[in-house]
Amino acid sequence: RFNFAESLYYSEQYEKAAQQYGEVRDSNIDNRLQEDAAQGAVLAYEAHLAQLEQKGELTMPAMPKAGVPGPFDPQDIPEIVLALQGAYDHFVGIVPDSEQSPTMMYLAGEIAQRYYHFEEAERRFVQVLDEHCDENVAINAGTAILDSYSAREDLENVKVWSEQLAERGGGEGDEATKFAGELKALGNAVRFKEATLLYEAEEFEAAADRFVALVDQAPDDPNADRALNNAAACYENIGRFSSASHTYRRIYTDYPDSEFADDALFQIADSYYN
């Protein structure tokens, strides 16, 4: 039966091959070929989906991320795509210690996320983080979680998860170092966005505190000079001209190459005048 599945696969009858591999994989007669059949089922379903996409008979949705338009209501997952997800799960269940299992765990979660089944996807990605945090696939899982919240503009959970992932660590070597830097930058970007929303809502004192705190915590952040400029404007709006002057001075002193530096020098004088 395994050889029959192989014959179907190499004659490009992928769906039939996947079904035959599945029968070998799930048989209780003998387990000699179980791992090979489990892998064959995955490869056959992947090839079959690629065929369908090439023919225009199936289009897998893109992974949601910031800037991708919603709504993000859960969509029905086609049976053939669920079959691939099941093949991933079967493989992991049979050979959890395989080098391929972490990637298959991630890909199974990716299918759920593509169709906006966010709770299921997050559960699967967290399992990858819990069981394979020291591998680079954990970076993919963490990024997917962050992207799911970014797409839905859930700033609070983006911040929570960026902090959690930073604490967990993740990946190995240069990729781990790069990911840690990206998490720090993302956390700062979220804080800047939260402060900006407060500013737009005319909650100037709270906004100023957020902007200044961001710069104190991350003086090298690309938005640091802009955050100080916004904070100073907030102080001006509530009549705290001394604080505004001090904040403008920080721009001119600490970020002399900033686009705001020249104007900040003028604003210092204006704040003292006020």
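Q: Why is Arg210 called partly exposed?
A: In this predicted model, Arg210 has a relative accessible area of 39%. Buried means under 20% and exposed means over 50%, with partly exposed in between, so Arg210 at 39% is partly exposed.

Q: What makes Arg210 and Glu194 a salt bridge?
A: Their side chains meet at 3.5 Å, N to O. The rule asks for a side-chain nitrogen of Lys or Arg within 4 Å of a carboxyl oxygen of Asp or Glu, so the pair qualifies at 3.5 Å.

Q: Is Glu194 buried or exposed, and how do you know?
A: Glu194 has a relative accessible area of 14%. The cut-off for buried is under 20%, so Glu194 counts as buried.

Q: What makes Arg114 and Glu110 a salt bridge, and where do the two residues lie?
A: The closest N and O atoms of Arg114 and Glu110 are 3.2 Å apart, and a salt bridge needs them within 4 Å. Both residues are in helix α5, four residues apart, so about one helical turn separates them.

Q: How do you know whether Arg114 and Glu110 are buried or exposed?
A: Arg114 has a relative accessible area of 19%, and Glu110 has 14% relative accessibility. Buried means under 20%, so Arg114 is buried and Glu110 counts as buried too.

Q: What makes Asp30 and Arg32 a salt bridge, and how accessible is each residue?
A: The side chains meet at 2.9 Å, N to O, and the rule asks for within 4 Å. Asp30 has 37% relative accessibility, so this residue counts as partly exposed. Arg32 has a relative accessible area of 64%; exposed means over 50%, so Arg32 is exposed.

Q: How many salt bridges does the rule give, and which residues are linked in a network?
A: The count comes to 13 salt bridges. Asp89, Glu120 and Arg124 are linked in a network of them.

Q: What makes the backbone at Tyr116 worth a look?
A: Phi of Tyr116 is near 65 degrees, which is a positive value in a residue other than glycine. Tyr116 sits in the loop between α5 (101–114) and α6 (118–131). Its relative accessibility is 11%, and buried means under 20%, so Tyr116 counts as buried.

Q: Where does Glu202 lie, and is this residue buried or exposed?
A: Glu202 is in the loop between α9 (173–200) and α10 (204–217). Its relative accessible area is 59%, and exposed means over 50%, so Glu202 is exposed. Phi of Glu202 is near 65 degrees, again a positive value in a residue other than glycine.

Q: Why is the peptide bond from Gly70 to Pro71 called cis?
A: Omega for this bond is near 0 degrees. You can find Pro71 in the loop between α3 (34–55) and α4 (79–94).

Q: Why is Ser271 called buried, and what is this residue in contact with?
A: Ser271 has a relative accessible area of 3%. The cut-off for buried is under 20%, so Ser271 is buried. Leaving aside neighbours within four places in sequence, Ser271 is in contact with Glu236, Phe241, Ala244, Ser245 and Tyr248. Ser271 itself belongs to helix α13 (residues 261–273).

Q: How many helices and strands does the protein have?
A: There are 13 helices and zero strands. The radius of gyration is 26 Å, well over the 19 Å that the globule rule gives for 274 residues, so the protein is more spread out than a compact globule. The C-alpha trace spans about 90 × 35 × 30 Å along the principal axes.

Note on methods
Residues numbered from 1 in each chain as written. Predicted model: local features only at pLDDT ≥ 70, side-chain atom pairs only at ≥ 80, totals over all residues. Heavy atoms only, no water. Rg over C-alpha atoms; globule rule 2.2 N^0.38 Å. Buried < 20%, exposed > 50% of the residue type's maximum accessible area, 1.4 Å probe, protein only. Contact = heavy atoms within 4.5 Å.
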